[in-house]
Amino acid sequence: MPDASSATFVAIAGNIGSGKSSLTTLLAEKFGWKPYYEIVETNPYLADFYKDMRRWSFQLQMFFLTKRFRHQQEIAASSISVIQDRTIYEDAEIFAKNLYLHGNMEERDYKTYVEHFHLMTNFLKTPDLLIYLKAEVPTLIERIDIRGRDYERSIPKEYLAQLNEHYNSWIASYHRGPVVTFDVGKLNFVKQSKHLAQIASVVSWELARLKNKEQAALPLQTMPKKKPKASPPRAFGRGDEPPPRYS
């Protein structure tokens, strides 16, 4: 049986409607990876959440956190390469944080949630490569409309904009491994095979760099910036005071 340590773990991050699930499927087929998808269709809280975020935020985030943690356990033990649709880190450091800061999650619930997250991180395998799909709000709304999920049609533009702000900060300070960013407003990898080929080529190059440290980075705008020297912001929890909340 192959050694689990030799398996590749790639994850795709991005806002709602950025194309994570589609790219997960396409790259899994191209490279022969096992895909792990975000559990959306069977999530019993999602439709209610978009009707009343404050009422259902904690239940929704705990559902995503526990399901994603189960996937993480499987990934950590896997002897084959995998690709994951959204990371567990986004759950805590973008979505739950945004809900709390905008008054849609009670402080006691946020504290409980983050405590669970920190306990789980002790057992996580971090992605070997993170793919970030960047998209402006109009692009997200267009793709959400095309997808046609009824409960997503009520997502406020402001909510997507808030998440984009958190994603920009999160990616700028991401410290768990290499990141490659693609502007999906300029790439239609579902309908344009050349765009998918471009993404796959960059991903292949970056994965090769993990094994060959002397291999140079590709001189493309889609490539990640150098790792910032400053330490990333501390995550709330473990006895820290919660970040200030604004309305």
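A residue is called buried when its relative accessible area is under 20%, exposed when this area is over 50%, and partly exposed in between, with a 1.4 Å probe and protein chains only. By this rule, buried residues make up 47% of the 247 residues in the protein. The model is predicted, so that local features need pLDDT of at least 70 and side-chain atom pairs count only at pLDDT 80 or more, while totals for chains, interfaces and linings use all residues. Residues are numbered from 1 along each chain as its sequence is written, and side-chain values use heavy atoms, with hydrogens and water left out.

The secondary structure comes to eight helices and five strands. Helices (H or I, at least four residues) and strands (E, at least two) are DSSP runs, numbered from the N terminus. In that direction the elements follow the order β-α-β-α-α-β-α-α-β-α-α-β-α. Contact is taken as heavy atoms within 4.5 Å. Among contacts between residues at least 6 apart in sequence, 77% join residues at least 24 apart.

Helix H3 (residues 53-77) packs against two other helices, described here by their axes. Axes are lines fitted to C-alpha atoms, for helices over the stretch in contact, and angles run from 0 to 180 degrees between N-to-C directions. Angles under 35 degrees count as roughly parallel, over 145 as roughly antiparallel, 65 to 115 as roughly perpendicular and the rest as oblique. The axes of H3 and H4 come within 10 Å and cross at roughly 170 degrees, which makes H3 roughly antiparallel to H4. On the H3 side this contact is made by Met53, Ser57, Gln61, Phe64, Leu65, Arg68, Phe69 and Gln72, and on the H4 side by Ile88, Asp91, Phe95, Ala96 and Leu99. The axes of H3 and H5 come within 11 Å and cross at roughly 5 degrees, and the two helices are therefore roughly parallel to each other. Here H3 contributes Phe58, Gln61, Met62, Leu65, Thr66 and Phe69, while H5 contributes Asp109, Thr112, Tyr113, His116, Phe117 and Met120.

Asp91 of helix H4 counts as buried, at 2% relative accessibility. Leaving aside neighbours within four places in sequence, Asp91 is in contact with Gln61, Phe64, Leu65, Arg68, Arg86, Ala96 and Tyr113.

Aromatic rings were examined next. Rings of Phe, Tyr and Trp (its six-membered ring) pair if their centres lie within 6.5 Å; planes under 30 degrees apart count as stacked, over 60 as edge-to-face and the rest as tilted. A search of the whole structure finds 13 aromatic pairs. One of these, Tyr100 with Tyr110, is stacked, at 4.5 Å centre to centre and 5 degrees between the planes. Tyr100 lies in helix H4 (residues 88-101) and Tyr110 in helix H5 (residues 107-121), so the pair ties together parts that are ten residues apart in sequence. Tyr100 is buried, with a relative accessible area of 3%, and Tyr110 is buried at 4%. Another pair, Tyr167 with Trp170, is edge-to-face, at 6.1 Å centre to centre and 85 degrees between the planes. Tyr167 and Trp170 both lie in helix H7 (residues 157-172), three residues apart, about one turn of the helix. An α-helix has 3.6 residues a turn, so residues three or four places apart point the same way. Phe95, Tyr132, Tyr167, Trp170 and Tyr174 form one aromatic cluster.

Some rings also carry a charge over the face, meaning that NZ of Lys or CZ of Arg is within 6 Å of the ring centre and within 35 degrees of the ring normal. The charged end of Arg55 sits over the ring of Trp56, 4.0 Å from its centre, and Arg176 lies over the face of Tyr89, at 3.8 Å from the ring centre.

Helix H7 has 16 residues and reaches 23 Å from its first C-alpha to its last, close to the expected 22 Å. The expected span is 1.5 Å times one less than the number of residues. Buried residues of H7 include Tyr159, Leu160, Leu163 and His166. Asn168 of H7 counts as partly exposed, at 42% relative accessibility. Not counting residues up to four places away in sequence, Asn168 touches Tyr132 and Lys134. Asn168 and Lys134 are 34 residues apart in sequence and 8.7 Å apart in space, C-alpha to C-alpha.
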